[in-house]
Amino acid sequence: MKHTLKNVFHSPRFLVGFIIFMAILLTVLIYPYFVHRDPLQGLGKGFLEPGTYVSVYDANNTGTYRVDLPEAAEKRLESTLPAEDRQMMLDFLKAKGVDVSGLDASNDKLEGLLAAWKENYDEADAKKNKYEGFSTQAKRNALRRLDNRISGDNSNVAMSVVRGEGEEATSTAVSDTDYVKVDEVANAITLPLGTDNFGRDTLTELVKATGISLLIGLIAGSIATMLGLLVGLLAGYVGGLLDDVLMFIANIFTVIPGFVLLILIYSALGAESRGITTCAVIIGITSWVWTARSVRSQVISLRNRDHVNLSKLSGHSLFRIVTTDILPYIASYVVMAFILQVSSGILAEAQLSMLGLGPNPNELPTLGLMMNWAKLFGAYTSSNAWWAYFPVILMIALISFSLNLMNTGLDQVFNPTLRD
Amino acid sequence: MTKGMRKYFKKKIFWFVITFIAAVVLNFILPRLMPGDPVNSIVGKNISPGATQEQIQEQIVYYQHQFGLDKNIFGQFWDFVKNAFNGTFGVSYSQYPKTVSQIIGSGIWWTVALQLPAILVGWLLGNLLGALAAYKRSFWDKALMPLTLFFSAIPAFGAAVILLVLFAVTLGWAPVNGAFDPGMIPSFSWNFISSVISHYQLPFWSIVLISIGGQAVGMRSMSIYELNADYVKYARFLGIKDKKIVRYVFRNAMLPQVTGLAMSIGSMVGGALVAETIFSYPGLGMSMYAAINSSDYPVISACTLIITIMVLIASFMLDIIYAFIDPRVKAAQFD
């Protein structure tokens, strides 16, 4: 036993898969201790992009510090200078005969554009020469205002905060060097993955959903493996009529695709009665057949081995023969089958949820439900909210990847013909 | 035909019939357990606001008669079987008075035209890649296997969504949904055909990519298993040329892959669910999705029945083909 385990953990594939899986599991278990937030609680209205959100109201009521950032004015221009103003600058430079090839209205080219502007614009010159398209007084005034703004003279766009109402209103001027410290603002939230269509924090929801999906996979996988093992052992070892009956049931289950059965049973249940456990149990009892068949065929080849016959002659009970003389030989197969069943259980839940047949959506999130919501609320197309579905796909892929890696690693250890 | 062969086929046909009956019964019973009365919801949708209690009652009786729900369970089962055999599958609840066969008839050709070429192309490419990976192990295994393993771990719907977002939404190379431009009427004009082709690309490639991954991984491990088999070592000792051995090896490794091909063709309609719902492709998968969401159980049970029957036929055909091409089955069954 100890030797086998050592072998297994020496397989690089198994190790990598195991580490990824454990990392996911640990995150799921530890995360709730750091973020105490109900995963289904709506924080906003609709999709919010990932980022830090600071309350404007509270920021205005927080003490300010004077900070002089060297490139503050430029950055401010980058985020506030409208595209039509940039176009106007380009038009003016063109009209004056400056070479503007290689410049455009994008943020990358802003520095070059500003340099060209400062070099070529002169108020008196623009007044005197009346360049084409800028000959009217209004146009020239617009150019002057633009120049004021670019040269950092904010006197004509001063800002102040007004507190109170009517007579008692006081107004405080906001300078462009006033800063607040983010952790001093009463209300600010960092949403690393934004929010979904319901305004829920996607990261918290994703962690919870991963936990629930893993749970569904574990329950479904355990049930499928236990059922498959039990049926396979009984059919293979006892044989006779029991074998015929069990294989009859297994045959029906093989030919009617498991997915069809799932769709039929799930739609028969209705959304309200589909809890997490119910979903998992149903996935489990529709996917035991392949395990049962392989276990049965292996047991049949084992049951006439000498050591089993010896056990029988010694008068050992059926239970003892099965557990001590047969189970150890198929244990490695059963472990591998279990890993695959967990992975396919998680996938089955996700696919059913995407068809609108998932667990009750008002109770807990699952990975499949999150995909379904992203689809229903247009995250792929109209909202283009990658954070609402891409992390979910990645999480499902990582879970199956780690489980598959563990499985191939075990396969290499237990079936040496596949070994490199 | 030998005696053993006849016995083998008789046994197979017996199983085929039994499973078929079980499938029909399951398809009949399960959807009928669905909560909610379909007649009430139809009447609720169609009745005018000022209707009296009597009129509502009249409507309910009318629809119950239309759907055959006034009969007892055995009468309903008899109707179900009769309708399945004459091909109408009864009347749809959500799209009354359309028959289920009309709904299915409009979808099935889109599904077949999308799935069959995609499955075949994916199967061919996947097996080629898998065989190559097994034969030239050092390079492929070190460089590509971990990558392949990761990409084959991406679920089918995930891959479809990524393709959709990348090529249709971000790059705008292909349309986002549907099978042709919404303003068009199906015809044999060049415009219509080019629209169909451009709408075809994304769903097609999403299915191909998924099946390449699965097939390649399967083919590779089968080939490696066969390459290490005793008969290969023996053949090498005998001095048979490598080329010749490889031919035998891949022919043997192909056997389970043929099963895979037949099964994926058989379960085509089920496999179409994912790609069709994500790309809103108007095939059978989409009809089934709509039926699930409107609790339209005649359509659901017709679709699941079609899937079951196709899988049944596929596995039956496989049994017959195997009896002829696989010497191991031949030896086991025909003696």
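This is a predicted model: local features need pLDDT of at least 70, side-chain atom pairs count only at pLDDT 80 or more; totals for chains, interfaces and linings use all residues.

Q: Which residues of α2(A) and α9(A) meet?
A: From α2(A) come Ile24(A), Thr27(A), Val28(A) and Tyr31(A). They meet Val207(A), Thr210(A), Gly211(A) and Leu214(A) of α9(A). Sorted by class, this contact has 5 nonpolar, 3 polar and no charged residues.

Q: At what angle does α2(A) pack with α17(A)?
A: Read the angle and the axis distance again. Helix α2(A), residues 12-34, packs with α17(A) at about 150 degrees. Their axes are 7 Å apart. Angles over 145 degrees count as roughly antiparallel. So α2(A) and α17(A) are roughly antiparallel to each other. Here too the crossing has a hand: α2(A) passes α17(A) in a left-handed crossing.

Q: Which residues make the contact between α2(A) and α17(A)?
A: On the α2(A) side, Arg13(A), Phe14(A), Val16(A), Gly17(A), Phe18(A), Ile20(A), Phe21(A) and Ile24(A) take part. On the α17(A) side, the residues include Leu398(A), Phe401(A), Leu405(A), Met406(A) and Gln412(A). By class, the contact has 13 nonpolar, 5 polar and 1 charged residues. Ile24(A) belongs to this contact, and Ile24(A) is also among the residues of α2(A) that meet α9(A).

Q: How many residues of chain A are in contact with chain B?
A: To read an interface, count the residues on each side, then ask which elements supply them. In this model, 35 residues of chain A are in contact with 44 residues of chain B. On the chain A side, α10 (240-255), α11 (258-269), α15 (318-354) and α17 (386-414) each supply at least two residues. Helix α17(A) gives the most, with 8 residues. The class count for this side of chain A is 24 nonpolar, 10 polar and 1 charged.

Q: Why is α11(A) called largely enclosed?
A: Count its buried residues. In α11(A), 11 of the 12 residues are buried, so the helix is largely enclosed by the rest of the structure. Among them are Gly258(A), Phe259(A), Tyr266(A), Ser267(A) and Leu269(A).

Q: What covers the buried residues of α11(A)?
A: Both chains contribute. The cover includes α12 (276-285) and α15 of chain A. It also includes α1 (3-32), α11, α12 and α13 (297-325) of chain B.

Q: How far does α11(A) reach from its first C-alpha to its last?
A: Compare the span with the one expected at 1.5 Å a residue. For its 12 residues, α11(A) reaches 16 Å, close to the 16 Å expected. Just after the helix, Gly270(A) takes a positive phi of about 85 degrees.

Q: How many helices and strands does chain B have?
A: Chain B has 14 helices and 0 strands. Of its 335 residues, 38% are buried. Contact range tells something else. Among contacts in chain B between residues at least 6 apart in sequence, 71% join residues at least 24 apart.

Q: How many residues of α11(B) are buried?
A: Here 12 of the 12 residues are buried, so α11(B) is largely enclosed by the rest of the structure. Glu276(B) and Thr277(B) are among the buried residues. The 12 residues of α11(B), 268-279, should span 16 Å at 1.5 Å a residue, and the end C-alpha atoms are 16 Å apart, which agrees.

Q: What follows α11(B)?
A: Ser280(B) comes next, and its phi is positive, near 45 degrees. Ser280(B) has this positive phi although it is not a glycine. The residue lies in the loop between α11 and α12 (284-293) of chain B. With 14 other C-beta atoms within 10 Å, Ser280(B) is partly exposed.

Q: Is Ser206(B) buried or exposed?
A: Ser206(B) is buried, with 23 other C-beta atoms within 10 Å. This serine is found in α8(B), residues 190-227. Leaving aside neighbours within four places in sequence, Ser206(B) is in contact with Ala159(B), Ala160(B), Leu163(B) and Ala275(B).

Note on methods. Residues are numbered from 1 along each chain as its sequence is written. Chains are lettered from A and ligands numbered from 1 in the order in which they are written. Helices (H or I, at least four residues) and strands (E, at least two) are DSSP runs, numbered from the N terminus. The expected span of a helix is 1.5 Å times one less than its number of residues. A residue is buried if 20 or more other C-beta atoms lie within 10 Å of its own, exposed if 12 or fewer, and partly exposed in between; C-beta atoms are placed from the backbone. Two residues are in contact if their C-beta atoms, placed from the backbone, lie within 7 Å. Ala, Val, Leu, Ile, Met, Phe, Trp, Tyr, Cys and Pro count as nonpolar, Asp, Glu, Lys and Arg as charged, and the others, Gly among them, as polar. Axes are lines fitted to C-alpha atoms, for helices over the stretch in contact, and angles run from 0 to 180 degrees between N-to-C directions. Angles under 35 degrees count as roughly parallel, over 145 as roughly antiparallel, 65 to 115 as roughly perpendicular and the rest as oblique. A crossing is left-handed if the near helix is turned anticlockwise from the far one by less than a right angle, and right-handed if clockwise.
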